[in-house]
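Thank you all for coming. I would like to walk through one structure with you, going from its strands to its rings and then to a few points in the backbone.

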Amino acid sequence: MRGVKAALTLATALFTTPLALAADTARFNWLDYQGADPSDAVVKAKPGEYRNPILTGYYPDPSITRVGDDYYIVNSTFSWFPGIPIFHSRDLVNWTQIGNAIDRPDQLDFRDLGLSRGVFAPAIDYHDGTFYILNTCVDCGGNFIITAKDPKGPWSDPIWLPDLEGGIDPSIYFEGDRAWIVNNGPPEGEPLYQGHRAIWVQELDLKSMKTIGPRKVLVNGGVDISKKPIWIEGPHIFKKDGAYYLICAEGGTAINHSQVVLRGTSPMGPFTPNPANPILTQRDLDPARPHPVTSAGHADFVVTPKGEWWASFLAIRPYGDDLYNTGRETFLMPVRWVDGWPRITEPGQAIPLTHAKPDLPAQPAPKVPTTGAFQVRDEFDGDRLPPYWMMARNPKGDWYRLSDGALTLKLQPVGLSDHGNPAFWARRQQHHNATITTDMVFTPDRPGERAGLAAVQSDESWMRFTIEKEGGHMVARVAARAGKDTPADGKMLGSVPVKASASYRLRITARGGEYDFDVAAAGADWQPVVKGADGTILSTKKAGGFIGVMVGPFAQGPGKGD
């Protein structure tokens, strides 16, 4: 493990919003994240190998493209802001986040949407000097394109695609001066069963940036509609040896997830399924195997200058029976071609946690690690937060400031259940076993004022660890919400008195499905507040949705949510 100083690259003036220091503020001097997984102790990458996943934690729905010797990946972020991270690599193994495509509040408005709505499954591509990202803002505008000359940004405002209404997961295929958009959409006529969807195609005029001509269904339901396949989605078209290929995810995002491929003679089809589908899945493996990888699919392909084919895709590493708090992660595997068809895994083949690296020039490790066991320490000593920090929905109000080597939050009357923009900056929990520690200066004056750390999976599933005032005395308190049946302000799990102090250290320790909470006043030893709290309430299986746990500094004042 190694420490990492925050790289401050997020390009928006919002992150230096003036905020006068006042009694109703909490100052966070630093935040330290350390994480490792059980597999880290037994699975070691040898020289010339890389570790899977290449992006640990909540980095779902990867899309990848190459421009010369440079590779770029984007991921879904739903209703978190800034959204759609842009990662760069030159060896497909070492990745550095260089920005976020959605980094201005006026690009998209997530309003009061649930945290698993918003931006789904972005697809990145490059053509004739311009980068394109196609995406869907679910419940907040529909399908759109944004463009940039530099992948670091700035990215344009959305160009909306009204012909794709009701669809998600658009991507683009370029050929000469023409382009086609493929996307998931409702089938023609009434759906035949729950999860019955279709893949559509339509040409895009690159001058007007408007869809033109007829829309056509390429895939109805899936590769074999007689089996009632669900959620055909994440489509991408590419061309090889004169043939056109359409790859799609199929089977939903849980353990039956998979990747399928079809082949045709035109971007407009018709496409014929590979008789050996799926080309990637883990649903046929023993769930009791050690260190399982599950729910694999949603792949995108890239070709190196030497002609090697590689696939980025999402998968999950559960700590129990489909229990995981880290969200869906980004993996990398080679693509083999057999009898004119691509293949990622053979039937019954487990996704490897280590693999031989691509045949590309070796690159230095990134300053901020993205794979394996690691430590990252944010000192809050610049004028921008690193690009991996996010907040719930668009920023509303002047509630944060970076200055004097600290992150200062102004207490807001917005709770974690309010579908609003609480005073909460967060980073991903990227490992099953993780420790998140901060040093905080905060003196609550009245009941209802609280500040500390929060771990959030959704508006209805979270844990809150705060310093508060009760009966004239300071207390450290842990509360949690475990679904809509739990009160909006959560249920108290434990509380201990703490002495009035110039500062407090707070520590959350995740151990798979259990979470510990410890506090220490300035100069004092750690004391436990809650040990072994049920962390499975933060798992996707129980909380629902599509994200992973986000954890970081939080502050709240009396008012709404109390």
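Let me start with a question: which residue stands opposite asparagine 100 in β7? It is proline 85 that stands opposite asparagine 100 in β7. Before I go on, please keep in mind that this is a predicted model, in which local features need pLDDT of at least 70 and side-chain atom pairs count only at pLDDT 80 or more, while totals for chains, interfaces and linings use all residues. Residues are numbered from 1 along each chain as its sequence is written, and side-chain values use heavy atoms, with hydrogens and water left out.

Strands here, like helices, are DSSP runs numbered from the N terminus, with at least two residues (E) for a strand and at least four (H or I) for a helix. Two strands pair if DSSP finds at least two bridges between them, and β6 and β7, which run antiparallel, are joined by five bridges. These two strands belong to an open sheet of four strands, in the order β3-β4-β6-β7, with antiparallel pairing. Its edge strands are β3 and β7 (96-102), each of which pairs on one side only. From one strand to the next, the twist averages 25°, where the axes are lines fitted to C-alpha atoms (for helices over the stretch in contact) and angles run from 0 to 180 degrees between N-to-C directions.

Strand β23 (residues 329-334) is mostly covered, with six of its six residues buried; buried means under 20% relative accessible area, exposed means over 50%, and partly exposed is in between, using a 1.4 Å probe and protein chains only.

Now to the aromatic rings. A pair of aromatic rings is described by the distance of the centres and the angle of the planes. Rings of Phe, Tyr and Trp (its six-membered ring) pair if their centres lie within 6.5 Å, and planes under 30 degrees apart count as stacked, over 60 as edge-to-face and the rest as tilted. The structure holds 28 aromatic pairs. One of them is formed by tyrosine 72 and phenylalanine 131, and because their ring centres are 5.3 Å apart and their planes stand at 80°, the pair is edge-to-face. Tyrosine 72 lies in strand β4 (residues 70-74) and phenylalanine 131 in strand β9 (residues 130-138), so this pair ties together parts that are 59 residues apart in sequence. Tyrosine 72 counts as buried because its relative accessibility is 8%, and phenylalanine 131 counts as buried at 4%. The rings of phenylalanine 380 and tryptophan 389, with centres 5.7 Å apart and planes at 65°, are likewise an edge-to-face pair, and both of these residues are buried.

Ring pairs also link Phe238, Tyr245, Phe301, Trp309, Trp337 and Trp341 into a cluster. Over the face of tryptophan 337 lies lysine 240, at 4.6 Å from the ring centre; a charge sits over a ring if NZ of Lys or CZ of Arg is within 6 Å of the ring centre and within 35 degrees of the ring normal. Arginine 377 lies over the face of tryptophan 30, at 4.0 Å from the ring centre.

Last, some points in the backbone. A cis peptide bond, with omega about -5°, joins asparagine 52 and proline 53, and proline 53 has its place in the loop between β2 (49-51) and β3 (63-67). The peptide bond from phenylalanine 81 to proline 82 is cis as well, with omega near -5°, and proline 82 is found in the loop between β5 (80-81) and β6 (83-89).

Alanine 121, although not a glycine, has a positive phi of about 40°; this residue lies in strand β8 (residues 118-127) and counts as buried at 5% relative accessibility. Aspartate 128, also not a glycine, has a positive phi of about 50°, but this residue is found in the loop between β8 and β9 and is exposed, with a relative accessible area of 69%.
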